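Let's take a walk through this model together. Have the sequence and the 3D view open side by side, and we will go one step at a time.

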Amino acid sequence: MSVAKINQLFSGELKVLNLGLEEFSASLQREGAEALQVDWKPPAGGDRHMVQLLERVESNSALKRDQANDQAVERLMKSKPTLIDIGIACDVVPGMHKKLVLHSGPPVTWDKMAGPVRGAVIGGLIYEGLAKGPTEAEELAASGDIEYAPCHHHDAVGPMAGIMTSSMPVWIMKNETFGNTAYCTLNEGLGKVLRYGANSDDVIKRLKWMGDVLSPVLKQALEMHGPIDMKNLIAQVLQMGDEGHNRNRAGTSLLIREMAPYLVMLDRSKQELSEVLKFMHTNDHFFLNLTMPACKAAVDAARNIDGSSMIVAMARNGTDFGIRVSGLGDQWFTGPASRVDGLYLPGYSEADAARDVGDSVITETGGIGGFAMAAAPAIVKFVGGTPQDALNFTRRMYDITLRENDTYQIPALDFRGTPTGIDLFKIIETGVLPAINTGIAHKDPGVGMVGAGLVKPPVKCFHDAFEAYAERYGTKP
Amino acid sequence: MKRIIVRKDAYYDSVFLMLINQDVKKTDNISEAVVAMGTDMNRDLLKGMNMSNADVESATANDLIVALEGETEDALNQAETAVYSLLKKKSRTSEQAFRPASLAAAVEVLPEANLALLSIPGAFVAREARKALERGLHVMVFSDNVPLEDEIRLKKMAREKGLLFMGPDCGTAIINGKPLAFANVINRGPIGIVAASGSGLQELSCSIDKAGSGITQAIGTGGRDVKQEVGGISMLMGIEALAADAETTVISLISKPPAETVVDSAIEALKQSGKPAVVHFIGARRRQDEGRIRFAPSLEDCASIAVELAGGRKHNPTEFALSDDEIAGIVATESASFGRKQKYLRGLFCGGTLAEEALLVMQEALNGVYSNVHPDEGYRLADPTVSREHTIIDLGDDTFTVGRPHPMIDVSIRNEQLEKELRSGDMALLLLDFVLGYGAHRDPAGAMVDAITAARKAAADDGGYLAVIASVSGTDGDPQSLTTQRRTLQEVGCVVMPSNVQAARLALKIMQRVR
């Protein structure tokens with residue numbers, strides 16, 4: 001037994017960290033000692049069982065969680081998502097075929113699908129020519145002839161219903177650092193659109209136009225332009241008031257700026273080119289379908305790292321909210337999708353809202369979106385608050401993330417990097433849930449977007465995931 | 001009429017909330033007020049009080065519950081406003097400086113920190129203490145209700161790392177002259193203290209200060225450290241550190257009677273230290289001196305011997321600081337006018353060790369004194385709030401502190417008990433301790449003088465006389481000032497003795513005059 005360290009304490013200056021009664025800090029300070037008051041709260045919101053799981057994980061000395069998480073978050077940040085091309089889903093998306101319908105979120109069967117997702121599936125089947133109208137499409141959808149799978153299982157992501165079928169054009173986003181690729185459909189615009197479950201003739205007509213005109217035109221222009229470094233572009237839009245999830249106005253504008261010089265060079269009618277530019281211009285969310293696969297490509301590089309508690313996917317299908325954890329392989333952990341707390345478009349209210357849906361929460365997983373709320377004061381009204389609230393939203397997320405981003409920065413926080421790499425362990429320990437910005441779909445198929453706001457994910461999926469993490473990586477109880 | 005409000009994700013410290021409770025209950029026309037976090041225990045409590053609803057039932061330990069019952073809507077409004085303004089007081093102070101949210105984050109803000117002081121709910125102590133030790137911090141745990149297995153595990157870990165672990169249930173310590181939790185402002189000097197008793201440490205260090213000497217360090221170990229199962233890990237490390245400390249020339253060790261094996265190793269460690277030492281095991285038979293190790297019969301004697309060993313004032317082994325004549329005079333005056341029914345002594349104590357010390361002085365001479373801390377079950381009070389013949393009550397007992405701060409902070413606990421004693425009508429003498437210093441009530445004497453005056457008046461109205469004997473553990477350096485507190489008590493007719501043991505001895509002499 002050596003007491004040398006105690007004698008060091010006696011000969012040095014007392015410097016205290018005080019957890020609990022503030023008065024003790026005050027007394028020490030009054031007597032001239034340095035004392036730092038810690039804003040302590042019970043871990044895991046006082047949930048004894050979760051605290052036990054935390055202890056089991058912490059007491060496994062063989063587990064190198066910090067190193068595993070370092071590796072995961074470094075891979076996420078070293079990723080260089082680059083927009084390289086537009087292709088047709090069945091040609092480029094792995095495993096895609098005529099009778100496969102990809103949807104957002106964790107796996108879900110037809111009978112459990114939410115209204116907007118069903119509506120979008122019906123629209124997708126009509127678009128593919130597999131059914132003549134909605135009734136036929138609905139029968140086919142329920143027949144068992146159609147295969148359903150999450151976009152996430154096919155290197156893809158999709159906003160809201162996230163429906164992708166075989167002949168849809170898709171953005172191709174390559175991670176230049178690690179070689180993996182992510183895919184996403186092109187954004188259809190606002191209002192009555194497939195991703196909100198609309199499937200009327202004009203919706204199908206627009207999708208056809210996107211396949212026949214929009215995507216070939218953009219593909220050609222992109223070929224002339226060459227690959228676009230998305231990481232660089234996202235870094236710019238964060239400094240222009242976007243957060244890459246609920247606000248994409250700057251990103252959409254920048255994309256138009258990148259493409260315009262090449263669009264005008266194409267051997268296409270003025271009419272067509274004008275339609276393409278106008279389509280992008282009138283849809284502030286056009287860029288969302290680029291931030292999403294960019295984040296997907298980056299986060300995918302951090303999957304399957306043994307021991308890592310970093311979250312590598314969050315996604316909802318309108319029925320369930322699901323997450324995946326790097327060190328827990330392909331398994332989804334789910335909880336019931338929540339209602340969104342937000343602002344409604346005129347004429348709509350909470351009673352019209354579908355539950356939380358879409359893969360767009362990949363942006364938060366990748367360190368932007370709600371986590372970069374401080375960069376987008378213009379949309380704080382969605383969270384019912386002031387610019388100060390937006391700053392606090394982001395600040396709070398540092399409590400549950402592994403690093404500050406080395407590229408994505410927030411001017412209002414003195415160019416601090418965005419909170420990046422969500423750590424399941426920290427979520428459990430602090431009880432702080434990820435802040436997610438999102439749009440709100442109408443609960444009935446075909447109506448479209450009714451609002452936007454902030455959603456709290458269900459705590460259950462994090463608890464279940466941590467249960468599995470502790471089972472795999474913790475000491476035995 | 002009732003009002004129940006649940007505020008999500010609004011965590012406040014429980015002791016802070018208890019103080020708010022106290023204030024809110026004083027609001028006019030409010031019969032019940034509970035401001036508490038939604039822990040399992042609090043939710044059950046509210047249910048039992050019929051103050052629960054669905055919101056309360058689904059509340060978590062991070063949610064604040066405000067439950068009020070009052071006669072009018074106005075009263076409820078007033079109470080609710082009061083709660084919020086009291087809560088805000090806290091949040092405003094918390095805006096002054098940056099507050100890291102966890103120990104890990106705090107270490108990043110203050111990397112040169114060397115000690116973590118924990119006063120959080122006992123169930124969470126093990127986790128935070130372990131994290132502190134892992135980061136090389138010495139630890140003091142003020143909290144109680146820490147499982148014994150956790151204490152053993154943490155102390156073994158601390159020993160392995162060579163770190164000091166004070167507590168759990170360690171109410172006081174002084175490191176490098178700085179007060180930790182409840183502690184007095186004591187002169188620096190050559191005496192090092194290791195104590196397994198909080199109020200014992202306060203009385204000892206104050207007595208050393210009064211005797212004109214001072215201390216190097218005062219290390220608290222927590223009462224359970226001296227149990228066989230823990231093996232005195234903190235006590236032994238404390239002794240060894242003081243042995244190696246060049247500033248410390250005398251070591252003073254106090255504790256409730258430790259397990260025999262712990263006594264043996266502590267005495268061995270003191271021998272090994274090569275320094276003179278003085279030991280007092282509170283409530284145990286006084287041992288024979290062994291070489292350089294002296295044994296003291298009381299906390300005050302322990303202080304006095306330590307001062308002598310350190311080359312200060314010579315130890316005077318008499319019972320009282322005052323002359324025999326002066327004592328005889330006081331005894332005569334105080335015992336002259338008791339009424340026929342007034343037969344018993346009632347000691348109402350804030351300091352547990354002080355209660356035990358007083359008990360020991362009187363137990364045999366008064367043919368038995370009842371107490372909630374009596375070692376002999378035959379004399380243990382069935383209900384700690386109900387006195388029986390001669391009685392000494394430790395008001396720090398859990399019975400008195402459920403949902404309330406310790407009586408050193410919440411003086412109303414003792415005032416309420418005094419009212420009870422008065423109603424019994426058989427009290428002749430009231431024996432009190434007052435503990436000053438950081439952490440304690442800002443004016444403990446002042447907060448009790450009205451109750452003392454009322455009690456003395458009631459006795460006089462009944463044709464009798466109530467003797468009130470008190471002692472004050474404190475120094476003039478304390479925020480409350482020893483001199484001021486003593487004067488406040490003397491002004492209402494209390495006899496204020498220089499130490500707890502002298503107060504007990506005087507009380508005994510007076511009681512021996514009662515027929």
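Which residue of S4(B) is the bridge partner of Leu19(A)? It is Leu118(B). Do keep in mind as we go that this is a predicted model.

Strand S1 of chain A, residues 15–19, pairs with S4(B) in the parallel sense, over four bridges. At the chain B end, strand S5 (residues 138–141) pairs with S6(B) in the parallel sense over two bridges. There, Val139(B) has Phe165(B) as its bridge partner in S6(B).

Now step back to the contact between the chains. Chain B contributes 47 residues and chain A contributes 38 residues.

Next, turn to helix H3 of chain A, residues 48–58. Its buried residues are Met50(A), Val51(A), Leu53(A), Leu54(A) and Val57(A). These residues cover an arc of only 160° around the axis, which puts them on the same side of H3(A). What do the buried residues of H3(A) pack against? They meet helix H15 (424–430) and helix H16 (459–473) of chain A, together with helix H6 (125–134) of chain B.

Let's zoom in on one of these residues. Val51(A) has 20 C-beta neighbours inside 10 Å and therefore counts as buried. Leaving aside its neighbours within four places in sequence, Val51(A) is in contact with Pro43(A), Ala44(A) and Arg127(B).

Finally, let's look at two helix pairs in chain A. Helix H6 (residues 115–127) and helix H7 (residues 134–143) of chain A pack at an angle of about 105°, with their axes 9 Å apart. H6(A) and H7(A) are therefore roughly perpendicular to each other. From H6(A), the contact uses Val121(A), Ile122(A), Leu125(A) and Ile126(A), while H7(A) supplies Pro134(A), Ala137(A), Glu138(A), Leu140(A) and Ala141(A). Sorted by class, the residues of this contact are eight nonpolar, no polar and one charged.

How do H10(A) and H11(A) lie relative to each other, roughly parallel or roughly antiparallel? The axes of helix H10 (residues 249–263) and helix H11 (residues 270–281) of chain A come within 10 Å and cross at roughly 170°. H10(A) and H11(A) are therefore roughly antiparallel to each other. The residues making the contact include Leu255(A) and Ile256(A) of H10(A), along with Val276(A) and Met280(A) of H11(A). By class, the contact of H10(A) with H11(A) has seven nonpolar, two polar and no charged residues.

Note on methods: Residues numbered from 1 in each chain as written. Chains lettered and ligands numbered in written order. Predicted model: local features only at pLDDT ≥ 70, side-chain atom pairs only at ≥ 80, totals over all residues. Axes fitted to C-alpha atoms, helices over the stretch in contact; angles between N-to-C directions. Parallel < 35°, antiparallel > 145°, perpendicular 65-115°, else oblique. Contact = placed C-beta atoms within 7 Å. Nonpolar A, V, L, I, M, F, W, Y, C, P; charged D, E, K, R; others polar. Buried ≥ 20, exposed ≤ 12 C-beta atoms within 10 Å, placed from the backbone. Arc of directions from axis to C-beta. Pairing = 2+ DSSP bridges.
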